[in-house]
Amino acid sequence: MRVPWERVCEEATESLRSLVKLDTTNPPGNERLATDYVSAELGKHGIDAVVKESAPTRANLVTRIKGRDSAKPPLLLSAHTDVVPVEPSGWSRAPFGAEIAQGCLWGRGALDMKSKCAMDLVLMTSIKRAGVTPGADLIMAAVADEEAGSALGAEFLVQQHPDLIRAGYVLNELGGFTVHFGDRRIYPVQVAEKGFVTVKMTVTDAPGHGSMPRRKTAITTLSELIVKIANTPMRLRVTPLMRRTMTAMGLEAETAPDLFRPTLSNTVSATIVRAGYKDNVIPGEASVVLDGRTLPGDDPESFCAELRSIVGPEPSFELLKTAPPVEASIETPLFDLIRKRTEAADPGGKVLPWMIPGATDNKYYARLGTICYGFSPVKLEPTMPFAALFHGHDERIPIEGFLWGLKLYAQVVLEFLDLKFEDVFA
Ligand SMILES: [Zn+2]
């Protein structure tokens, strides 16, 4: 039986409130709270879920609605259920209160990304209630640990349980929200993300006594190199994807706003500095951890060569961890559908493929050959910029924009699975 759309909107809002109230701050995570909730909601509609714990209380949930054609690649809907910590003193409402006020639902995770988890949940239960069969398998995953690097979440599933989540496509976070750019409205959709190369850079020099100062020590040399790195922009390189996106926005790489800069070159940030062990000893060694981010087309070797050209031959490099960049084709039926439906849902708005400078669970899903997009749509007014709310104080989501996004998301998912919105919703 078709499900009244109004009821679905109420359920989605209620699910989002319930999820926000569960404190899944990572660390420590405790995502079991969220998977227990999602699993119980699915169970009310006769949908079984598999829950895999990667560590005690660090749970990952996967469920699947079988499609008509098992030869067709499944569609995976993914959301992480952990959230970043809050500084309560910066909040004007309780961070886990899920209050509804001023047209918004307030709380950590309201935008990043329990809203999408709630959308995925009501979509699964609605399809089940409507009794329709999608054209291909539809998989939902609610995963742990994204905010701390995904080792106990998406990476764990990809390594330990790939058959649960193997899909042709995944819809994940960081796309489909309104960006007000001048008087234009843009809907970035994440199709690429940078890689990372984390390097420990160490400088050595003669140790000495603190009572006998020297101009050049391991600490002074390292300090100068850190400042030099910060003052030396890495080589500008516009990938074909970013070229296309910048052209569509009427921007030039050389004069692009700061927001774009990290997607136009490799980057490096000093994050941890270590030196010294005693008040009166000039140490013989000083080190810094450098958080390097690489564009598609670069690898750890080319990144280190570029870094070397800035810091010279002296300091030693130790690679702490690396992950390659990922980039998905936009010449796909799913991207076409995202574009068509989004631009119809906001006439005058424009979808643009986008590379994010950070990393998401897509980094791991891509290892299974899955085409990964960020699409968790929400309509935002100019007074509510996404970048300020994402991981910020007073994170909140406008209810109207959330329900606008839910409808758009449902249209895209259902049509991609050869169903119509009207097959499921009344
Ligand atoms: Zn997120």
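**View 1. Isoleucine 65 in strand β2.** Isoleucine 65 is buried because its relative accessible area is 12%, where buried denotes under 20% relative accessible area, exposed over 50% and partly exposed in between (1.4 Å probe, protein chains only). The residue belongs to strand β2 (residues 58–65); strands (E, at least two residues) and helices (H or I, at least four) are DSSP runs numbered from the N terminus. Beyond its neighbours within four places in sequence, isoleucine 65 is in contact with Met124, Ile127, Lys128, Pro134, Ala136, Asp137 and Leu138, contact meaning heavy atoms within 4.5 Å. Between isoleucine 65 and isoleucine 127, 62 residues apart along the chain, the C-alpha separation is 8.6 Å.

The model is predicted: local features need pLDDT of at least 70, side-chain atom pairs count only at pLDDT 80 or more, and totals for chains, interfaces and linings use all residues. Residues are numbered from 1 along each chain as its sequence is written, and side-chain values use heavy atoms, with hydrogens and water left out.

**View 2. The zinc site.** His80 (NE2), Asp112 (OD) and Glu173 (OE) coordinate the zinc ion at 1.9 to 2.1 Å. Donors are N, O and S atoms within 2.8 Å of the metal (3.2 Å for Na, K and Ca); water is not among the atoms, so sites may look incomplete. Along the chain, the donor spacing is H-x31-D-x60-E. Aspartate 112, in the loop between β5 (104–106) and α3 (114–130), and glutamate 173, in the loop between β7 (169–172) and β8 (179–181), are 61 residues apart and link distant parts of the chain. Both aspartate 112 and glutamate 173 are buried. The peptide bond leading from aspartate 112 to methionine 113 is cis, with omega near -15 degrees.

**View 3. The largest nonpolar core.** A nonpolar core is a set of buried Ala, Val, Leu, Ile, Met, Phe, Trp, Tyr and Cys residues joined through side-chain atoms within 4.5 Å. The largest one holds 95 residues, of which Leu75, Leu171, Tyr373 and Phe425 touch the most other members. Helix α12 (residues 399–416) supplies the largest share of this core, 11 residues. Another core, of 18 residues, lies apart from it and includes Met201, Val203, Leu290 and Cys304.

View 4. Helix α2 (residues 32–44) packs with α3 at an angle of about 20 degrees, their axes 10 Å apart. Axes are lines fitted to C-alpha atoms, for helices over the stretch in contact, and angles run from 0 to 180 degrees between N-to-C directions. The helices α2 and α3 are therefore roughly parallel: angles under 35 degrees count as roughly parallel, over 145 as roughly antiparallel, 65 to 115 as roughly perpendicular and the rest as oblique. Tyr37, Val38, Glu41 and Leu42 of α2 meet Cys117, Leu121, Met124 and Thr125 of α3. For helix α1 (residues 5–21) and α3, the axes come within 9 Å and cross at roughly 135 degrees, so α1 and α3 are oblique to each other.

**View 5. Backbone features in loops.** Proline 27 and proline 28 are joined by a cis peptide bond with omega of about 0 degrees; proline 28 is in the loop between α1 and α2. Asparagine 30, located in the loop between α1 and α2, has a positive phi of about 55 degrees although it is not a glycine. With 27% relative accessibility, asparagine 30 counts as partly exposed.
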